[in-house]
Amino acid sequence: NNLNAAIGIEQLNTIRPLIDKHKLNSAYYDKNINNPKIEKLQRDKNSESSSWIYSLLTEDREAFQSYLSNHGIGSDWVHVRNDQYSIFEKFRTNLPNLDYFESRLINIPVGWWLSAEDLNYIVKTVNQY
């Protein structure tokens, strides 16, 4: 409706600095996360992400999530196989690479609200896992 459109248009005036902060935070993680138990995703050099999430892969996602939680860091996974839903069930097929990815995917905070201290703490905690 018009009210939602007006709010959305107004928010476009302030979105660029927020997206830029997400990108800076993501680049900081790219540079500083170096735990061999944690796999960072490869980025396509010909594209640019808004970095609305920061995804990692780890062998035991639940244990890593628990570890992060115990250290005051929120995490979750935001992508699941669509064919797990009944409407797509008839399309389910063997996709071992997708199964691998989905079972290891976890996302850590990357948002504009993170301070330098927050970023340092998250990196330190991830690297000590």
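Helix α1 passes helix α4 in a right-handed crossing, a crossing being right-handed if the near helix is turned clockwise from the far one by less than a right angle, and left-handed if anticlockwise. The contact is made by K21, N25, Y28, Y29 and N32 of α1 and by L119, N120, I122, V123 and N127 of α4, where contact means heavy atoms within 4.5 Å. By class, these residues divide into five nonpolar, four polar and one charged. Ala, Val, Leu, Ile, Met, Phe, Trp, Tyr, Cys and Pro count as nonpolar, Asp, Glu, Lys and Arg as charged, and the others, Gly among them, as polar.

The model is predicted: local features need pLDDT of at least 70 and side-chain atom pairs count only at pLDDT 80 or more, while totals for chains, interfaces and linings use all residues. Residues are numbered from 1 along each chain as its sequence is written, and side-chain values use heavy atoms, with hydrogens and water left out.

Helix α4 also meets α2. The α2 helix passes α4 in a right-handed crossing, with F64, Y67 and L68 in α2 meeting T125, V126 and Q128 in α4. That contact has four nonpolar, two polar and no charged residues.

The table gives the axis geometry of the two pairs. Axes are lines fitted to C-alpha atoms, for helices over the stretch in contact, and angles run from 0 to 180 degrees between N-to-C directions.

| Helix pair | Axes come within | Crossing angle |
|---|---|---|
| α1 (residues 2-32) and α4 (residues 116-128) | 10 Å | roughly 35° |
| α2 (residues 61-70) and α4 | 11 Å | roughly 135° |

The axes of α2 and α4 cross at roughly 135°. Their angle makes α2 oblique to α4; angles under 35 degrees count as roughly parallel, over 145 as roughly antiparallel, 65 to 115 as roughly perpendicular and the rest as oblique.

The chain has four helices and three strands, in the order α-β-β-α-α-β-α from the N terminus. Helices (H or I, at least four residues) and strands (E, at least two) are DSSP runs, numbered from the N terminus.

Of the 129 residues, 28% count as buried, meaning under 20% relative accessible area with a 1.4 Å probe and protein chains only (exposed is over 50%, partly exposed in between).

S51 lies between β1 (38-40) and β2 (54-58) and has a positive phi of about 55° although it is not a glycine. Most residues other than glycine have a negative phi. S51 counts as buried, because its relative accessibility is 4%.
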